[in-house]
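Please read it alongside the sequence and the coordinates.

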Amino acid sequence: MTSPETGPAIGTKVVHRRYVPYSHAHYAGNLVDGAYSLGLFGDVATEMCILTDGDEGLFASYDDVQFKAPVRAGDVLEITCELVKAGTRSRVMEFAVYVVARGAATEARPGAAEILAEPVLATSARGTVVVP
């Protein structure tokens, strides 16, 4: 993913999937706070930095963070990260959290869940990390 001549490859992508445990519900309706998505962005950014630079890197900033749809306990999330710009030490990445499955509990089936026909974009952001 990195070449000594050209640096990290723009367009490199990292994807994680994560189940949101009920212990993370923070608000009524089993809503999870927005910081949960930002923590997941940190996880995919860390993998991206390891992949492209062999180092975990450090977050410098987020910009244009948008919370577009709720994230709830019982959701299965897909978190994506794409490298969009690489400086000498800085890496700019675009992030997204998609809800791909949602809990659908009933009294008869408290563990019921369903895969969504179309993923729902819950959170998006752009961020900058620095590497040594």
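The model is predicted: local features need pLDDT of at least 70, side-chain atom pairs count only at pLDDT 80 or more, and totals for chains, interfaces and linings use all residues. Residues are numbered from 1 along each chain as its sequence is written, and side-chain values use heavy atoms, with hydrogens and water left out.

**Domain and sheet**

An unreviewed UniProt entry annotates residues 10-132 as "domain: HotDog ACOT-type"; such annotations may be inferred rather than shown by experiment, and their positions are given in the numbering used here. Over residues 10-132 the chain is 49% strand and 15% helix, with 18 Å between the end C-alpha atoms. Helices (H or I, at least four residues) and strands (E, at least two) are DSSP runs, numbered from the N terminus.

Five strands form an open sheet in the order β3-β5-β6-β7-β4, with antiparallel pairing. Two strands count as paired if DSSP finds at least two bridges between them. The edges are β3 (13-19) and β4 (58-67), each of which pairs on one side only. From one strand to the next the twist averages 25°, with axes fitted to C-alpha atoms and angles running from 0 to 180 degrees between N-to-C directions. Strands β6 and β7 run antiparallel and are joined by 13 bridges. Alanine 101 has isoleucine 115, in β7, as its bridge partner.

**Nonpolar core**

A nonpolar core is a set of buried Ala, Val, Leu, Ile, Met, Phe, Trp, Tyr and Cys residues joined through side-chain atoms within 4.5 Å. Buried means under 20% relative accessible area, exposed over 50%, and partly exposed in between (1.4 Å probe, protein chains only). The largest such core has 23 residues, of which Leu77, Ile79, Cys81, Met93 and Phe95 touch the most other members. At least two residues of this core come from each of α1 (35-53), β5 (76-86), β6 (90-103) and β7 (113-130). Helix α1 gives the most, with 7 residues.

Contact means heavy atoms within 4.5 Å. Not counting residues up to four places away in sequence, leucine 77 touches residues including His16, Arg17, Arg18, Tyr36, Leu40 and Val97.

**Salt bridges**

The whole structure holds 5 salt bridges, each defined as a side-chain nitrogen of Lys or Arg within 4 Å of a carboxyl oxygen of Asp or Glu. Three of them are listed here.

| Pair | N to O distance |
|---|---|
| Arginine 17 and glutamate 78 | 2.9 Å |
| Arginine 18 and aspartate 43 | 3.3 Å |
| Aspartate 53 and arginine 91 | 2.7 Å |

Arginine 17 lies in β3 and glutamate 78 in β5, so this pair ties together parts that are 61 residues apart in sequence. Arginine 18 in β3 and aspartate 43 in α1 are 25 residues apart. Aspartate 53 belongs to α1 and arginine 91 to β6, so their pair joins parts 38 residues apart in sequence.

Arginine 17 is exposed at 54% relative accessibility. Arginine 18 is partly exposed at 28%, and aspartate 43 is partly exposed at 32%. Aspartate 53 is also partly exposed, at 28%, whereas arginine 91 is buried at 4%.

**A loop residue**

Alanine 69 lies in the loop between β4 and β5 and is partly exposed, with a relative accessible area of 22%. Leaving aside neighbours within four places in sequence, alanine 69 is in contact with Val120, Leu121 and Ala122.
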